[in-house]
Amino acid sequence: MSDFFDKLTKQGKALWESAVSTASDLAESAKETANDLIDQGKDKAEELKLKGQQKDLFLKLGELVFNEAVNGEEADKESVIEELKDVAASLLALDEKRAAALAAKEAVDEAEEAVEETVEEAKEELEEAVDDTVDTLGEIKDSIEEAIESVEDKAEEATITCPVCGVVLPAGTKVCPVCGVELG
Ligand SMILES: [Zn+2]
């Protein structure tokens with residue numbers, strides 16, 4: 001039984017440690033979520049800024065092309081095109097960064113679920129172990145009660161009670177030593 005209780009204590013301790021670790025993981029994850037939201041806000045602002053720049057550059061390019069058509073002079077479009085390429089590359093990098101952040105978040109969510117499942121399973125195992133212990137203790141109690149009854153029965157069988165004075169005497173006593181009556 002002592003081994004069993006050792007095991008139970010260890011399981012309880014492991015469960016507690018696991019719960020504490022889950023709580024700390026969840027707190028850490030909440031902090032990360034807050035940071036993620038801040039980062040997402042920054043990314044959104046960056047995206048809006050880049051899209052604004054992109055729009056301005058397209059307008060500038062359109063104006064150059066229009067002036068070329070009207071004046072017949074060739075304008076320097078290359079620098080605007082280069083700037084447009086840079087903006088497009090920045091927007092693409094931003095998208096990739098967001099996709100990576102999303103994938104990382106999903107991985108963290110999955111890990112958290114796995115931890116919660118493990119704690120839940122450990123809890124169930126512990127509850128079963130406790131139920132088993134309670135059953136075992138109940139069986140032991142029944143056995144002890146049966147043993148006591150049996151000892152009492154044997155003690156009763158080994159004695160007789162004098163029908164006249166009521167004294168309890170060893171079985172087989174022929175004459176009551178108290179009142180002198182003959183016992184059958
Ligand atoms: Zn007697």
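The model is a predicted one.

The chain contains two helices and two strands. Burial is the next point to consider: of the 184 residues, 2% count as buried. As for the contacts in the chain with a separation of 6 or more, 48% are accounted for by residues 24 or more positions apart.

The two helices may now be taken together. Two packed helices are described by the angle between their axes and the distance between the axes. Helix H1 covers residues 2-71 and helix H2 covers residues 78-157. Their axes lie 8 Å apart, and the packing angle is about 165 degrees. Because angles over 145 degrees count as roughly antiparallel, H1 is roughly antiparallel to H2. The contact of H1 with H2 involves residues of several kinds, namely 21 nonpolar, 10 polar and 14 charged. The crossing in which H1 passes H2 is left-handed.

Individual residues illustrate this arrangement. Val87 is found in helix H2. Is Val87 buried or exposed? A residue counts as buried if 20 or more other C-beta atoms lie within 10 Å of its own; Val87 has 20 such atoms and is therefore buried. Leaving aside residues up to four places away in sequence, Val87 touches Leu50, Gln53, Gln54 and Leu57. Val87 can also be compared in position with Glu47: the two are 40 residues apart along the chain, and their C-alpha atoms are separated by 9.9 Å.

Helix H2 also contains Ala101. With 14 other C-beta atoms within 10 Å, Ala101 is partly exposed, since this class lies between the limits for buried and exposed residues. Ala101 and Glu74 are 27 residues apart along the chain, and 45 Å separates their C-alpha atoms.

How far apart in space are Asn71 and Ile38, C-alpha to C-alpha? The distance is 49 Å, for a separation of 33 residues in sequence.

Terms used
Residues are numbered from 1 along each chain as its sequence is written. This is a predicted model: local features need pLDDT of at least 70, side-chain atom pairs count only at pLDDT 80 or more; totals for chains, interfaces and linings use all residues. Helices (H or I, at least four residues) and strands (E, at least two) are DSSP runs, numbered from the N terminus. A residue is buried if 20 or more other C-beta atoms lie within 10 Å of its own, exposed if 12 or fewer, and partly exposed in between; C-beta atoms are placed from the backbone. Two residues are in contact if their C-beta atoms, placed from the backbone, lie within 7 Å. Axes are lines fitted to C-alpha atoms, for helices over the stretch in contact, and angles run from 0 to 180 degrees between N-to-C directions. Angles under 35 degrees count as roughly parallel, over 145 as roughly antiparallel, 65 to 115 as roughly perpendicular and the rest as oblique. A crossing is left-handed if the near helix is turned anticlockwise from the far one by less than a right angle, and right-handed if clockwise. Ala, Val, Leu, Ile, Met, Phe, Trp, Tyr, Cys and Pro count as nonpolar, Asp, Glu, Lys and Arg as charged, and the others, Gly among them, as polar.
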